[in-house]
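Subject: Structure handover and notes

Hello,

Here is the structure for your files. My notes follow directly below.

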Amino acid sequence: MGAFGEEKEGLNVPKGNLTDFFDDLEGRLALITGLVPMEDMGLTLKDVRRPIFVSGLPGIGKTCGIMSIRKKLNALLPADKQLGMKKILLGQTVVGSMTGIPVNVDGKVVRMQMPDLPDVERDGEYGVLFLDEITTADEAQVQPALGLCDDSRNIGEYSLPEHWIVVAAGNGPDCSNFLRMDDMTLSRFTVYDVAYDYKKDWRPWAHENGIDSDIIAFLNFDPTACVRVESTDMDSAGKLFPCPRTWERLSTELKIRKALKKPVDANTLANFAGRIVGIKAGREFAAFCAYHSKVEYTPEDIFSGKANKPVPMDKQVFHIILQGCIKYGDDMLTGKADSQGNYSADMFQKVANMMNWFLAFETYDFESCIQAIIELRSDTKYLKKIAMDLDFSQFCPEFDEFLARNGSYIFENLQDFMDFN
């Protein structure tokens, strides 16, 4: 097996986004639980509960996403249809334990099922059985689990509850610890081979969950740093690497230090971040954050309309200002909507002031201008509710004028703008 980054044989399925997998799983669970009726479409339970396999780089949020879907649907489901979840790390499962561990009961040898397998009385009638690390476990560990992935859905005397769906996950062929999956194993699943996309797969989640604004700004500047495995199969030891999991952890650690009144200073940021996302990514993040010293505009002035018109600036400075405005704006709007979810005219005007400030980049940094608009109108937590409101044009006619000048060009090249760094 070659080093990481070398082109390797794939799984013979088209590359997709992590959000595609999540959308499919959410839809299937909605059908299984009756949130969406399946009978009208001529579907059966057997059709809908076909196992799913998702392959992708480690740390990109496969487990977190499944848990989020479960939480979202449980908020809509009645008590008797709440979704359970059981996770089995196949790479750490004792061979034979899935088929049952033999014990002597009253002179008779019986097999006690491992507690991780779903039980209706304990775990409910509906749920997800998550078989993780399927691509790093050896065949003796994987084969017992595959009995749950065929039409029989059983291992020995154990049968998977009929309203549970099997989801398997593992690292893709590009990872040094990937073990070849048998063709017949793959054929049991609907397969998603994820080409992770920071802007589509993580940035909206990062905004929704309060990830540190400097981290989002840095990854906007360099999306390739979102997930970057550093080790290869030639290394004698693993290496810490940046990924959504470790960036989230860094965000939490930075918040902890601020809460303790001991914020990380610029001189120690590289080492502090390096212990969480790896040396190289830590240094890159610290170097990016050093551009704070060049920021001459405050979110307060931009939203109030007092800020001077922007002038050409470093990309790093632009991204720091953009994320500062997003955080300031979302914080400003938190809890300010009325009972119908509407905001005051004053809030509309402040968001219009901010939008106009970024529209001014059209003349000398058109790509960054478009990037800001896309993020403000699609990924933010609360700002997008005003920016996408039909009444927004009354407060920001300049935006309609901008679209009139550039709308057709933007539409024709939208994917290029989405991919622009």
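A residue is called buried under 20% relative accessible area, exposed over 50%, and partly exposed in between, with a 1.4 Å probe and protein chains only. Helices (H or I, at least four residues) and strands (E, at least two) are DSSP runs, numbered from the N terminus. With those terms, Tyr126, Val128, Phe130 and Asp132 point one way from β6, Gly127, Leu129 and Leu131 point the other way, and all are buried.

This is a predicted model: local features need pLDDT of at least 70, side-chain atom pairs count only at pLDDT 80 or more, and totals for chains, interfaces and linings use all residues. Residues are numbered from 1 along each chain as its sequence is written, and side-chain values use heavy atoms, with hydrogens and water left out.

Overall

The protein has 19 helices and 10 strands. Of its 421 residues, 49% are buried. Contact means heavy atoms within 4.5 Å. Among contacts between residues at least 6 apart in sequence, 74% join residues at least 24 apart.

The sheet

Two strands pair if DSSP finds at least two bridges between them. Six strands form an open sheet in the order β1-β10-β2-β9-β6-β3, with parallel pairing. Its edge strands, β1 (15-16) and β3 (83-89), each pair on one side only.

Strand β6 (residues 126-132) pairs with β9 (residues 163-170) in the parallel sense over six bridges. Seven bridges join β3 to β6, and these two also run parallel. Phe130 in β6 stands opposite Lys87, and its bridge partner in β9 is Val167. Leu129 stands opposite Val166 in β9.

Two helices lie across these strands. Angles run from 0 to 180 degrees between N-to-C directions, and axes are lines fitted to C-alpha atoms, for helices over the stretch in contact. Helix α1 (residues 18-32) lies across β1, β2 (52-55), β3, β6, β9 and β10 (190-194), at about 165 degrees to β9. Helix α3 (residues 62-74) lies across β2, β3, β6 and β9, at about 165 degrees to β3.

The helices around α8

Helix α8 (residues 213-221) is mostly covered, with eight of its nine residues buried. The cover of those buried residues includes α7, α9 (244-259), α11 (279-289), α13 and α15.

His207 is found in α7 (residues 198-208) and is buried, with a relative accessible area of 8%. Leaving aside neighbours within four places in sequence, His207 is in contact with Ile216, Gln323, Ile326, Glu375, Asp379, Thr380 and Lys381. Ile216 is one of the buried residues of α8.

The axes of α13 (residues 315-333) and α15 (residues 366-378) come within 11 Å and cross at roughly 20 degrees. The two helices are therefore roughly parallel to each other (under 35 degrees; over 145 is roughly antiparallel, 65 to 115 roughly perpendicular, the rest oblique). In this pair, Lys315, Phe318, Leu322, Gln323 and Ile326 in α13 meet Ser368, Ala372, Glu375 and Leu376 in α15. By class, the contact has five nonpolar, two polar and two charged residues (Ala, Val, Leu, Ile, Met, Phe, Trp, Tyr, Cys and Pro count as nonpolar, Asp, Glu, Lys and Arg as charged, and the others, Gly among them, as polar).

Gly305 sits in the loop between α12 (299-304) and α13. Gly305 is partly exposed, with a relative accessible area of 49%. Its C-alpha atom is separated by 8.9 Å from that of Asn356, 51 residues apart along the chain.

Regards
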